[in-house]
Amino acid sequence: MNIEVYPLEKIVIDGVSIDLGMKRADVEDAIGTGAYEKTNDRYYYYHNELAISYVADKVDFIEFLGGIDGFLRPTVYGVSVFDTPADEVAELLKQKNGGEREDKERGCFLTFSNISVGVYRSLTPSSVTEMIEEMKANGIPTENNADVEADERRANHWETMGIGVDGYYRR
């Protein structure tokens, strides 16, 4: 599946465009009916890896939820959001945002308000390093530890990426 993200505009999935501000009925005509969550008129598509939030029945926010282990592989500015190291994606987004970014959770949640993009991960490399040190101090083996390896992998990639209408991250 080819997925391109155009901040402040749209996403394109295999040639099908979902525009910010598009009516929900038009989205459903394009990609089908999503599973609905009552809170904030949020609908889930593609096995819950794509979420679209509607305000006044129009697309307000689009979020990719699958991360490195998901099957959706969105690209933004020609870079794969989930396959590229998190720091590289953050630097690219910072450049496209005019050199600015807001760090809302010590490296876990970054927003780029000028282009209305946000990225999230639950762990950072430094938090994994701290966890490993605690494990060692408690006598827990960390080498060849599948849980540690999975956490390191997750910490180095974004788990979600969203785009919103202009001003979305300034609310």
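Two strands pair if DSSP finds at least two bridges between them. Helices (H or I, at least four residues) and strands (E, at least two) are DSSP runs, numbered from the N terminus. This is a predicted model, in which local features need pLDDT of at least 70 and side-chain atom pairs count only at pLDDT 80 or more, while totals for chains, interfaces and linings use all residues. Residues are numbered from 1 along each chain as its sequence is written, and side-chain values use heavy atoms, with hydrogens and water left out.

**First stop: strands S6 and S7**

Select residues 50-55, which form strand S6, together with residues 58-64, which form S7. These strands pair in the antiparallel sense over six bridges. Within the pair, Ala-51 stands opposite Glu-63 of S7. Six of the seven residues of S7 are buried (under 20% relative accessible area, with exposed meaning over 50% and partly exposed in between; 1.4 Å probe, protein chains only).

**Second stop: the hairpin loop**

Move to Ala-56, in the loop between S6 and S7. The hairpin has two residues between its strands, and Ala-56 takes a positive phi near 55 degrees. Ala-56 counts as exposed because its relative accessibility is 67%.

S7 and S13 pair in the antiparallel sense over four bridges. Here Glu-63 stands opposite Gly-162 in S13.

His-157 is buried because its relative accessible area is 13%. A polar atom of the His-157 side chain lies 2.9 Å from the backbone oxygen of Arg-153. Leaving aside neighbours within four places in sequence, the residues in contact with His-157 (heavy atoms within 4.5 Å) are Ile-68, Phe-82, Asp-83, Thr-84, Pro-85, Ala-86 and Arg-121.

**Last stop: the five-stranded sheet**

Finally, display the open sheet of five strands, ordered S3-S2-S1-S8-S9, in which the pairing is mixed. Strand S3 (16-19) and strand S9 (79-80) stand at the edges with a single partner strand each, so one side of each is left without a neighbour in the sheet. At the S3 end, select strand S2 (residues 10-13): four bridges join S2 to S3, and the two run antiparallel. Val-12 stands opposite Ser-17 in S3.

Key
A polar contact is a pair of N or O atoms within 3.5 Å; within protein, one must be able to donate a hydrogen and the other to accept it, and residues adjacent in sequence count only if both atoms are side-chain atoms.
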